[in-house]
Amino acid sequence: MQVSSIHFKRSVTEKLNDEKLQNALSRLQTRFVEGRAAVIGEIADFEETRTAAAAIRDRVLKNLDQWLLHFEQQAIARGALVHWAESGADVNRIVTEIATLHNVRRVAKSKSMVTEECGLNEALEHAGVEVVETDLGEYILQLAHEAPSHIVAPVVHKNKEDIADLFAEKHQLPRKTGIPELCREAREILRPAFLAADMGISGANFLIAETGSALIVTNEGNGRLVTTLPRVHVAITGIEKVVPTLEDVTTLLRLLPRSATGQSITNYVSMLTGTKDAADHDGPEHFHIILVDNGRSSLLGGDMQSMLRCIRCGACMNHCPVYQNIGGHAYGWVYPGPMGSILTPTFVGLENAPDLPNASTLCGACGVVCPVKIPLPDLLRQLREKQMSLGLKSWQEKLALKLWGWMARRPAVYAMVIKITVRILHFAGGKERMLHHLPGASGWTAGRDMPAPQGKTFRELYRQRKLS
Amino acid sequence: MRVGLFVTCLVDAMRPRIGFASLRLLEAAGCQVVVPENQTCCGQPGYNSGDRETAKTLALKLLDEFETCDYVVAPSGSCAGMIRVHYPDLFRDDPTVLNRISLLAQRTYELADFLVNVVKFDAAPGHFAGTLTYHDSCSGLRELGIRDQPRALLATMPGVTVKEMAEATTCCGFGGAFAVKFGELSTRMADNKCRHIEAAGVDAIVAGDLGCLLNIEGRLRRRGNHTTQVLHIAEVLAGNEGDD
């Protein structure tokens, strides 16, 4: 996927003024924030469960290579084939080769963010393979030629009306208005795609080392069709998704749907292990699992390693006041919100996404809801430190920080400068005691006033008081 | 009990009466308050902008100035959070300083937290009469667990009625340099906050951090709201007399 994170600020302006988008985003609060709050109480020891989940993820990351090899061994033992992809291009090449090998003409695909990283659909279409996205949200986006704006609810930026218009135009059927009718229409269109598919492509929420299984959680049932109906199934996921045991997965599953969609459990939890046996009625004849690095291993052993704990629930973006106001597209790559503001610069280069680590008030909402306790605000701050040490900050900001630091170390100079500044601002505030413009801070005053300082500093008044 | 008042750079420059209100409250609670006169900034602007070295220098300066105090109290959740949570992180690789800084960090409190949990103060001398809503500033809430303390203090004041607003725990959009760097976004976040404040139909919006208050007041006034008072918790609790 093309990276356009460099245009973040411009996108923000656009998104803030997009009334339709703002309307759509207003649903986040009730759907996800209140939804999550309502179900986390079902777990008596929710905080301890988060701690346990973080520990499970850390245990894997500490010996990721070994867990992956263990997974590979178990998966192969049950009839799967395991491929290792270092880059997105590798993924595309491997999938295309698998398609060629099995003479695949049509692919039905369930939701996978990793394949968004690679631009897999374009690559397959280029190779003459027809791809149909079967997750309802992804299907809508495929019709609209748009990218997902949320990792769990990819189409959250669209309204029902937009979708009704889109379906009417693309399906050439009478325009439906109700959600059930729209869903039924999509089902009717998609059903033949499932049945005709030679190959199903899915992601995997977890890879279970103990059993060599790929696990997916879905709500629509399309994931199950994609992974069992076609004769070939390809599961594509990041190397960090491996988890040692089934027991471990049950802990993570207590948190994932609750954190993601406010559900105690998703409608479907599918555990995909090996190929179809002689005794099985369904299942794929060929099961390929592609383990994707695409930058992930570079985080191992570094100060960003905890980011690899991520189980892609989306809670950080749902609770992020920045995401809530601009949606996901402004972030300019596959992953939006706080986790995206860390992954994007890490994967595609800080110089290509310089605003993202700074586009946060460090309010901490993401960190406290993260089910695997990733210290997201700390990671954002570390990226800012990296920007500073790599010289990627603007000279104005560097100068301001240096000047502030220099002054703050010299109390006499500091006291004098502040005294004069607040005196000027106090008078500039006039009778109203309000500043409408501030040189060098138009970012503030374009939409806000600045209450004028009281006039004298605390320091001055305190000294006067002590002398009197 | 010797309490060092860390005034904070914003209060020093913008609204010293908050500093004096804090001073009066601490004295009313029976503390011996000292105000080290060379204090400036806790280093948070540098720390949050990626300038770790400046933050460390200022942390050491603050350590020297306040180390002899039994407690350090600041009328700000974000400055108290900086000292309490982030100072130890700054020196995680420097065992000689880490020990001293951790001891200071453990003795550092946000004002309302200190009044409720350390000195068990419940005789706020302020005389605010009316309805107010409390905005939970981010660092105070999520780094220091400050939510019930200010509300408990306000509940002891006979004239005060607290009405909760929607999304009280959502960031107001201040975020230090964020407010200028991402002005439009920050303004939108402040505007959302203002809508909730106005919907609560209160006489005053109260918070524990001046940064949030400047942001909220700035947006309220620009929206044309000139009636809702914007007050620091210390001002409400201590009253305002004599410091203007």
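## Parallel sheet of chain B

Two strands are said to pair if DSSP finds at least two bridges between them, and in this predicted model strand S5 (residues 130-135) of chain B is joined to S6(B) by three bridges, the two strands running parallel. Within this pairing, Gly130(B) stands opposite Val160(B) of S6(B). Both strands belong to an open sheet of four strands in chain B, ordered S6-S5-S7-S8 and paired in parallel. Strand S6 (160-162) and strand S8 (229-232) of chain B each have a single partner strand and stand at the edges, so one side of each is left without a neighbour in the sheet. From one strand to the next, the twist averages 35°.

## Helices packed on the sheet

Helix H9 (residues 148-155) of chain B packs on the sheet and touches S5 and S6 of chain B, its direction making about 170° with that of S5(B). Helix H12 (residues 210-222) of chain B also packs on the sheet, where it touches S5, strand S7 (204-207) and S8 of chain B, and its direction makes about 175° with that of S8(B).

## Annotated spans of chain B

An unreviewed UniProt entry places the feature "domain: Cysteine-rich" at residues 3-84 and 133-216 of chain B. Residues 3-84 of chain B are 57% helix and 12% strand, with end C-alpha atoms 15 Å apart, while residues 133-216 of chain B are 52% helix and 12% strand, with end C-alpha atoms 13 Å apart.

## A helix pair in chain A

In chain A, the axes of helix H19 (residues 395-408) and helix H20 (residues 411-428) come within 6 Å and cross at roughly 115°. The contact residues divide into nine nonpolar, no polar and no charged, including Trp404(A) and Trp406(A) in H19(A) and Tyr414(A) and Val417(A) in H20(A).

Terms used:
Residues are numbered from 1 along each chain as its sequence is written. Chains are lettered from A and ligands numbered from 1 in the order in which they are written. This is a predicted model: local features need pLDDT of at least 70, side-chain atom pairs count only at pLDDT 80 or more; totals for chains, interfaces and linings use all residues. Side-chain values use heavy atoms; hydrogens and water are left out. Axes are lines fitted to C-alpha atoms, for helices over the stretch in contact, and angles run from 0 to 180 degrees between N-to-C directions. Contact means heavy atoms within 4.5 Å. Ala, Val, Leu, Ile, Met, Phe, Trp, Tyr, Cys and Pro count as nonpolar, Asp, Glu, Lys and Arg as charged, and the others, Gly among them, as polar. UniProt positions are given in the numbering used here, feature names are shortened, and annotations may be inferred rather than shown by experiment.
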